[in-house]
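Take a moment with the sequence and the structure below. Then follow the helices and the charged side chains step by step.

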Amino acid sequence: MGQPEKQPEGPPQDGPGGDLAGRALPLGDWSMPAERLDELYRWVERGALETAAWYLADRTGKRRGARLLRCGAAAGTVGGAALPLLDMTGIAGGTAPWGYLALLLGAACMAGDRYFGVTAGWMRDVATAQAVQRRLRSLQFDWASESVREVLGPADGTASEAADRCLLVLRRFSEDVAELVRVETADWMAGLRSGPAPLALQAPPVAAARQEPGGAGTAGRFSLPGSGPRPNMPRQRPPEPR
């Protein structure tokens, strides 16, 4: 389980670490476990490098777009404040309407940046790529530690237990990278939502009535939606004993 050489990073594909179908696990002859573990490590490391490379490549266009939109917003704000002032002082007459137009364009740039999430997407890409790289650095040191332990001799367990530890290290790393990608994708999907929440996330009227018994618009725990207040029935006196 010596430290393998890094494979060159492949070009960004359809998604982080490849397409949405995933990647096939390399299965070989496990009668030679050391070689198979090295191959599995290279496979995991290559996937992490491709994931980080995809996010770094995706941030390039977003960074340029975010800078253009922010520069447009700043220029529009400055122009919207300066042109009417120049018109009032008489330095440049008739520039007040252009100032309003510049202010409108600046507001449009800010709204477009916020609506399309250009700056937010750029920051998410950078943060995710850095998180993957940090986790990959930890994996490399953990793998080197396991390799040195095997070379010096298994002092705490058999060779089978050492292989299990190596597989556990690779599995945890793969799960951590997948969780980082999942969180970034969830943030991206949350940024695309606009308007009311989806129907699946809204509480049905019956459930809302049950959650707030006695509140406004409700008539008790088992009231139906749209029904009026529950009529108050007159209390009857119990029959007198004979």
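Are helix 1 and helix 2 roughly parallel or roughly antiparallel to each other? Bear in mind that this is a predicted model. Start with the angle. Helix 1 covers residues 33–89, and helix 2 covers residues 96–116. The two pack at an angle of about 160°. Angles over 145 degrees count as roughly antiparallel. Helix 1 and helix 2 are therefore roughly antiparallel to each other. Their axes lie 7 Å apart. The crossing of helix 1 past helix 2 is left-handed.

Now look at the residues that meet there. Helix 1 contributes several glycines, including Gly72, Gly76, Gly79 and Gly80. It also brings Leu69, Ala73, Leu83 and Pro84, among others. From helix 2 come residues including Trp98, Gly99, Tyr100, Leu103, Gly106 and Met110. By class, this contact holds eleven nonpolar, eight polar and three charged residues.

Leu68 is another residue of helix 1. Is Leu68 buried or exposed? Its relative accessibility is 66%, so Leu68 counts as exposed. The C-alpha atom of Leu68 is separated from that of Asp113 by 9.7 Å. Along the chain, Leu68 and Asp113 are 45 residues apart.

Helix 3 runs over residues 118–152, and helix 4 over residues 159–192. Helix 3 and helix 4 pack at about 175°, and their axes are 10 Å apart. This pair, helix 3 and helix 4, is therefore roughly antiparallel too. On the helix 3 side, the contact includes Ala131, Val132, Leu136, Leu139 and Trp143. On the helix 4 side, it includes Val169, Leu170, Phe173, Leu180 and Trp188. By class, the contact of helix 3 with helix 4 has eleven nonpolar, one polar and eleven charged residues.

Charged residues bring us to salt bridges. How many salt bridges does the count come to? The count is eight. One of these joins Arg124 to Glu184, with the closest N and O atoms 3.3 Å apart. Arg124 lies in helix 3 and Glu184 in helix 4, so the pair ties together parts that are 60 residues apart in sequence. Are these two partners buried or exposed? Arg124 has a relative accessible area of 17%, so it is buried. Glu184 is at 9% and also counts as buried.

Other bridges stay within one helix. Glu39 and Arg36 form a salt bridge, with their closest N and O atoms 2.9 Å apart. These two sit three residues apart in helix 1, which means about one helical turn separates them. Glu39 is partly exposed, at 25% relative accessible area. Arg36 is buried, at 18%.

Helix 4 has such a pair too. Arg182 and Glu179 meet in a salt bridge at 2.7 Å, N to O. They are three residues apart in helix 4, and therefore about one helical turn apart. Arg182 counts as partly exposed at 47% relative accessibility. Glu179 is partly exposed at 38%.

One last group deserves a look. Which residues are linked in a network of salt bridges? They are Asp58, Lys62 and Asp125.

Terms used: Residues are numbered from 1 along each chain as its sequence is written. This is a predicted model: local features need pLDDT of at least 70, side-chain atom pairs count only at pLDDT 80 or more; totals for chains, interfaces and linings use all residues. Side-chain values use heavy atoms; hydrogens and water are left out. A salt bridge is a side-chain nitrogen of Lys or Arg within 4 Å of a carboxyl oxygen of Asp or Glu. Helices (H or I, at least four residues) and strands (E, at least two) are DSSP runs, numbered from the N terminus. Buried means under 20% relative accessible area, exposed over 50%, partly exposed in between (1.4 Å probe, protein chains only). Axes are lines fitted to C-alpha atoms, for helices over the stretch in contact, and angles run from 0 to 180 degrees between N-to-C directions. Angles under 35 degrees count as roughly parallel, over 145 as roughly antiparallel, 65 to 115 as roughly perpendicular and the rest as oblique. A crossing is left-handed if the near helix is turned anticlockwise from the far one by less than a right angle, and right-handed if clockwise. Contact means heavy atoms within 4.5 Å. Ala, Val, Leu, Ile, Met, Phe, Trp, Tyr, Cys and Pro count as nonpolar, Asp, Glu, Lys and Arg as charged, and the others, Gly among them, as polar.
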